[in-house]
Amino acid sequence: METIFLREGFRGLTIDSLAKRLRCSNRTLYEIAPSKEEMFLVVLDRWLERIRHLGQEGAMAQSDPIKRVEAFLEPGVTETREASAAFVEDVRSYLPAKQMLGRHQEERMKVLESMVSEGIRQGSFREVHAYLVSEVLLSAVTRIDEIDFQSRAGLTFSEAFGELYDLFLHGLVIND
């Protein structure tokens, strides 16, 4: 179901079409959730939880603050590769999904803020305001979520995250 939703969103689907494609009964799907919109939220919640879990797990495996941040952000790129424009638009236009994504992003930025603060304390990062850093990144992520950005930039959802995170971690300056 996740693959179908990521590739197609949910608006053009029916319970019948989902059941046929998943080779199950309508009743089985209704045991998951009472509507396709609610099923979409269940799938979205699990997908976002996986991104958070993989980010936390990856970060905890690193001792270097830079590598920790890279590992934390990585699932935001890898796990969004299959996310189509239809999926992104459905998340943006369905208020409960948009709110769920917003909470997910805010939670990730709080964790990032603490990682940046720790990196500053350890001397790995410049003295910057960690809250400002996380809020600027959250603002950029929110802008990437907008379909017009992706089409104007000529990037997929996943590619845009990859570029943003690279800019965030390495900036524009080429170090000798």
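Begin by selecting arginine 52, which counts as buried in this predicted model, its relative accessibility being 13%. The cut-off for that label is under 20% relative accessible area.

Colour helix α4 (residues 36–60) and helix α7 (residues 95–121): arginine 52 belongs to the former and glutamate 107 to the latter, so the pair ties together parts that lie 55 residues apart in sequence. Glutamate 107 has a relative accessible area of 43% and is partly exposed.

Remain on helix α7 and select glutamate 118 together with arginine 121; both residues lie in this helix, three residues apart, or about one turn. A salt bridge joins glutamate 118 to arginine 121, and their closest N and O atoms are 2.9 Å apart. Which of the labels, buried, partly exposed or exposed, applies to arginine 121? Arginine 121 is exposed, at a relative accessible area of 60%, while glutamate 118 is partly exposed, at 27% relative accessibility.

Now move to arginine 143 and aspartate 148, whose side chains meet in a salt bridge of 3.0 Å, N to O. Arginine 143 is partly exposed at 30% relative accessibility, and aspartate 148 is partly exposed with a relative accessible area of 35%.

Across the whole structure, a search finds twelve salt bridges.

Notes. Residues numbered from 1 in each chain as written. Predicted model: local features only at pLDDT ≥ 70, side-chain atom pairs only at ≥ 80, totals over all residues. Heavy atoms only, no water. Salt bridge = Lys/Arg side-chain N within 4 Å of Asp/Glu carboxyl O. Helix = DSSP H or I, 4+ residues; strand = E, 2+ residues; numbered from the N terminus. Buried < 20%, exposed > 50% of the residue type's maximum accessible area, 1.4 Å probe, protein only.
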